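Subject: Model for your files

Hello,

The structure is pasted below. My notes on helix packing and salt bridges follow it.

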Amino acid sequence: RFRLYLQMKSRLGLLMMNAEEAESGEEAQGYLDKCGQLLDMYAQYESEIGYNIEPINKHEIKYLIVSGQYDKALEALQQARQDMEDVGDDNFLISAVYGLYRQYYERTGDFQKALAYADSLQSLESASENINLAVGDTQKDYEEQMAVQDAKHEAELRRHWIIMWFI
């Protein structure tokens with residue numbers, strides 16, 4: 001069952017990308033119809049297992065944005081923002097919600113707010129990169145300290161072995 005969920009999620013992403021890049025309205029609508037069917041299956045799966053697998057259903061929000069259901073999309077975005085705040089300081093969720101807000105405001109023509117969310121998203125990503133660099137430096141320092149300790153331990157063992165040999 002979980003494999004089916006992963007396949008649905010993957011297929012939703014591809015269909016949504018195809019809908020956004022479709023050259024004609026009919027083609028985009030065909031992809032959106034398939035997305036709607038998969039989202040229904042996805043919701044049914046979550047109701048069968050009794051909980052939401054993801055704290056934010058990004059695919060559903062993106063579907064609402066791409067299909068032009070802006071009132072429902074804004075409502076879902078506000079709920080996603082609340083869910084994000086309930087989950088806590090999860091950069092992955094924050095960046096997902098900011099990215100969806102940016103898309104929403106681009107589609108609705110409010111480019112000033114879209115730019116503000118794009119800037120927030122970029123700041124978040126650069127902060128995340130800085131944290132990753134700091135963690136990498138800390139890990140490198142730790143590995144160097146461990147190598148020095150290993151060398152000292154090896155020398156101590158050799159010294160004890162030599163003493164034992166003489167005795």
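Glutamate 106 is partly exposed, with 36% relative accessible area; partly exposed lies between buried, under 20%, and exposed, over 50% (1.4 Å probe, protein chains only). This is a predicted model, in which local features need pLDDT of at least 70 and side-chain atom pairs pLDDT 80 or more, while totals for chains, interfaces and linings use all residues. Residues are numbered from 1 along each chain as its sequence is written, and side-chain values use heavy atoms, without hydrogens and water.

Salt bridges

There are three salt bridges in the structure (a side-chain nitrogen of Lys or Arg within 4 Å of a carboxyl oxygen of Asp or Glu). Glutamate 106 pairs with arginine 102, closest N and O atoms 2.7 Å apart. Both sit in helix H5 (residues 91-108), four residues apart; helices are DSSP runs of H or I, at least four residues, numbered from the N terminus. Arginine 159 and glutamate 156 of helix H6 (residues 111-166) are three residues apart and meet at 2.8 Å, N to O.

Lysine 62 bridges to glutamate 20 at 3.4 Å. This pair links distant parts of the chain, H3 and H1 (residues 2-21), 42 residues apart. Lysine 62 is partly exposed at 21%, as is glutamate 20 at 33%.

Helix packing

The axes of H2 (residues 25-49) and H3 (residues 58-66) come within 11 Å and cross at roughly 150°, with axes fitted to C-alpha atoms over the stretch in contact and angles from 0 to 180 degrees between N-to-C directions. H2 is therefore roughly antiparallel to H3 (over 145 degrees).

Regards

Terms used
Helix = DSSP H or I, 4+ residues; strand = E, 2+ residues; numbered from the N terminus. Parallel < 35°, antiparallel > 145°, perpendicular 65-115°, else oblique.
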